[in-house]
Amino acid sequence: PPSPQPLKKNTNPPSPPPTSKIIMGIFSHLGPYGKTTLTISPGKLGISLKIIQHPITKHPTGGAKVTQVDDTSMLHGQVKVGDVLITVDDTVVRTMEDVKC
């Protein structure tokens, strides 16, 4: 009978973890002054958000304002209170479901 073949080691490098791309609007007390794109790993963002709504109709207008950034957040130092999360993976943020990465 043929001799058993040794098991081959998997020599393929491990796949990188999936990431999401988020676009943040950067604001100051003077108004908007730019956008930045952040690539993040999946998981808890460690930020609190409030969906931006039209003041009269209360319909979402697009975007979610950052209301808090946890000290342990993966975005700490990159995102500040008052910044606006505009898109996640090219989807305009209109609901909290749109923020799930």
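Colleague: In which loop is Asp89 found?

Modeller: The model is a predicted one. Strand E6 covers 91-92. Asp89 is found in the loop between E5 and E6.

Colleague: Phi of Asp89 has a positive value; what is that value near?

Modeller: Most residues other than glycine have a negative phi. Asp89 is a residue other than glycine, yet its phi is positive. The value is near 50°.

Colleague: Is Asp89 buried, partly exposed or exposed?

Modeller: The relative accessibility of Asp89 is 39%. Buried would need under 20% and exposed over 50%. Asp89 therefore counts as partly exposed.

Colleague: And Asp90, buried or exposed?

Modeller: Asp90 is also found in the loop between E5 and E6, and it has a positive phi of about 70° although it is not a glycine. Its relative accessibility is 60%. Because the cut-off for exposed is over 50%, Asp90 counts as exposed.

Colleague: Which side chain of opposite charge is nearest to Asp83?

Modeller: Asp83 lies in the loop between E4 and E5. Asp83 is buried and has no salt bridge. A salt bridge would need a side-chain nitrogen of Lys or Arg within 4 Å of a carboxyl oxygen. At 6.0 Å, the nearest side chain of opposite charge is that of Lys80.

Colleague: Over how many bridges do E3 and E4 pair?

Modeller: E3 spans residues 47-53 and E4 spans residues 60-69. Gln53 has Pro60 in E4 as its bridge partner. The pairing is antiparallel, and the number of bridges is six.

Colleague: Which residue in the turn of the E3 and E4 hairpin has a positive phi?

Modeller: The hairpin has six residues between its strands.

Colleague: What is the bridge partner of Ala64 in E5?

Modeller: E5 spans residues 84-88 and pairs with E4 in the antiparallel sense over two bridges. For Ala64, the partner in E5 is Leu85.

Colleague: How many strands are there in the chain?

Modeller: Along the sequence the pattern reads β-β-β-β-β-β. The chain has zero helices, and the count of strands is six.

Conventions: Residues numbered from 1 in each chain as written. Predicted model: local features only at pLDDT ≥ 70, side-chain atom pairs only at ≥ 80, totals over all residues. Heavy atoms only, no water. Pairing = 2+ DSSP bridges. Helix = DSSP H or I, 4+ residues; strand = E, 2+ residues; numbered from the N terminus. Buried < 20%, exposed > 50% of the residue type's maximum accessible area, 1.4 Å probe, protein only. Lys, Arg positive; Asp, Glu negative; His and termini not counted.
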